Amino acid sequence: MASEQQLPSIKSSKVLMVGAGGIGCELLKTLALSGFQDIHIIDMDTIEVSNLNRQFLFRKSHVGQSKAKVARDAVLRFRPQINITPYHANVKDPDFDVDFFKQFNVVLNGLDNLDARRHVNRLCLAADVPLVESGTTGFLGQVTVHIKGKTECYECQPKPTPKSYPVCTITSTPSKFVHCIVWAKELLFAKLFGDKNQDNDLNVRSNDAASSSENAEDVFEQREGEDPEQYGRRIYDHVFGYNIEVALSNEETWKNRNRPRPIYSKDVFPNGLVQSNGNADKVTVTEDPSSVSAMTSLGLKNPQDIWSLSENSKILLEALKLFLGKREKDIGNLIFDKDDQLAVEFVTAAANIRASSFGIPLHSLFEAKGIAGNIVHAVATTNAIIAGLIVIEAIKVLQSNLNNCRMTYCLEHPSRKMLLMPVEPFEPNKSCYVCSETPLSLEVNTNSSKLRDFVEKIVKSKLGMCLPLIMHGSALLYEVGDDLDKAMVANYTANLDKVLAELPSPVTSGTVLTVEDLQQEFTCSINIKHRDEFDDEKEPDGMVLSGWTQAPSKEKDDNVAVSNGVSTSSASQSTAVEAEDDDDIEIIPTGVAFVSAGAKRKLSEICNSNSHSSVGEGYCGEKNTAVMDEEDVVVMLTESNSDVSKKKRLQ
């Protein structure tokens, strides 16, 4: 409970919570028990079975229901006198505009993706409402305070980019297990069980059909009179055998790479058809088709075992047979779901067979599920600690006790006998394009890039704008809104497909574009610089934005799941690995260490005076606690200063 001195400001406050997931459940409970009387919650998600191990306001009977509404009902059972208003909606919806945000005394974030965090940050700046940001990943957590004009905003510091792989890497030259997972999940699974009309480059070439695309597509169609076993073997031989042989025919590709090994079903099963252990009929005859399992059919029990090539091949063929026999109605509409056991089994087996072909170490189903589902396994205790810290900082903000506000980091291993590390908030970054309105610079081929490319890849994906308006001087090039008449919509739609240099008001080298989001009340200027050529591997967007504070991406060990969360705004023609819905963290300072709350010492001083301490991955020097951000995820693309005024990611 809050102290007597704190209660008046708490009871009279109106608080907005964004997110009712891992942190949000703990936060709502803590707010209610601390005396807050008027709480509003926004969350667009519904409850999933995988949430129940750490989101304790929810029960199995709540699966499929609104998180915000169920959380409200759960808390009102033990605090019936308070007012909780739930919104089962996206915080980016137009209803939640600057005027909506202005009614609150403080905003508390428990979000799971960069896009929504940036959106809330900008609305809080426009509404001049303090924001308390938070996140957790495993045992690591953080709480940061953002107050307009007094502390840095959420976007003042770099955020990691999504890890991108060109489609040629995924389809032709994988070198990491995550490449195989993306191939199995986004290409093979989607090709067999997803929307048949979607474009899907799976290097489809048939050795028994003409090379035309029409005949090539027939490879994945089950032929008349072909039983599931024969169909499965044909697909197996095509994707793991024939396609690899075709790839090997390009000698140039393999000059400096290890050559893959074609794998055919006859090599894995020389004695004929795959035989299950006899449990298939008993297990798969069920009233619930979604519960079928290839592992169960084949008598494999431990998801942490690493299957052999033969076992992976059996799982793949059995899973395909079960999809065709028990879940035929789902085929054509399936999207990979980490909670779909059969889908996880199929993707794990396919990824492992491909990994075996390319000499990449195999992984267990448990590990593969973590990578495919983008899961960092959450710790409920960390969520509870972070929720408590959010409330502590919110109370300081409500009492205008800003001098005592702290950004606090929860560590997995103690540093100087401390697990909670307080840091004084940093001043606004004068180079921040969001809160300091510093102009950006864009290198782009103005003679080939279209306005649509600029809108999708820069304005929406990188700048996170929802309802953009683009101007060149007084000329309006593009606008989005419900109040536009048909003629204006048609005009702006036509502009999207025009090359920048051929727009009604041509965009060429030296042009300054003004980009505005009316919902976020956010404006920035972009200086255009023409550039003829771009590196397809390093610059797959075909344009480079400078002055946009974003850190270089870091690849993770393939044995570790990719971090939680993914930006919902992605460039066109890209495939993002979806994220588990817990709330992640991003930046930890390495340039300072702590001797008491708020007291700072340079890193070198602590290293010299405390070199004997053992701190997990370490707090001093180059090797520091690894912290994953919501944007450090896999995307498949088709087309050190230690000064205390700066922050640096622990690595």
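1. A definition to start with: a crossing of two helices is right-handed if the near helix is turned clockwise from the far one by less than a right angle. Keep that in mind as you look at this predicted model, where helix 7 passes helix 9 in a right-handed crossing.

2. Now for the numbers on that pair. Helix 7 (residues 177-193) and helix 9 (residues 228-248) have axes 13 Å apart and pack at an angle of about 140°. Helix 7 is therefore oblique to helix 9.

3. While you are in helix 7, find Trp183. Trp183 counts as buried because its relative accessibility is 3%.

4. Next, the charged pairs. Side chains of opposite charge can pair when their charged atoms come close. The structure holds 21 salt bridges. One of them joins Arg118 and Asp115 (3.2 Å, N to O), and Lys92 is linked with both in a network of salt bridges. Arg118 and Asp115 lie 3 residues apart in helix 5 (residues 114-127), so about one helical turn separates them. Arg118 is buried at 4% relative accessible area, and Asp115 is buried at 1%.

5. Compare another salt bridge, between Arg72 and Asp73 (3.0 Å, N to O). Here Arg72 is partly exposed at 27%, and Asp73 is partly exposed at 38%.

6. Finally, visit the surface. Ile385, Leu419 and Leu420 make a nonpolar patch of about 220 Å². Leu419 sits in strand 9 (residues 418-423) and counts as partly exposed, with 42% relative accessibility.

Key. Residues are numbered from 1 along each chain as its sequence is written. This is a predicted model: local features need pLDDT of at least 70, side-chain atom pairs count only at pLDDT 80 or more; totals for chains, interfaces and linings use all residues. Side-chain values use heavy atoms; hydrogens and water are left out. Patches are made of residues with over 30% relative accessible area and no salt bridge: like charges are joined within 9 Å, nonpolar side chains (Val, Leu, Ile, Met, Phe, Trp, Tyr) within 5 Å. Accessible areas come from the Shrake-Rupley method with a 1.4 Å probe; for residues, only the protein chains shown count as cover. A salt bridge is a side-chain nitrogen of Lys or Arg within 4 Å of a carboxyl oxygen of Asp or Glu. Helices (H or I, at least four residues) and strands (E, at least two) are DSSP runs, numbered from the N terminus. Buried means under 20% relative accessible area, exposed over 50%, partly exposed in between (1.4 Å probe, protein chains only). Axes are lines fitted to C-alpha atoms, for helices over the stretch in contact, and angles run from 0 to 180 degrees between N-to-C directions. Angles under 35 degrees count as roughly parallel, over 145 as roughly antiparallel, 65 to 115 as roughly perpendicular and the rest as oblique.
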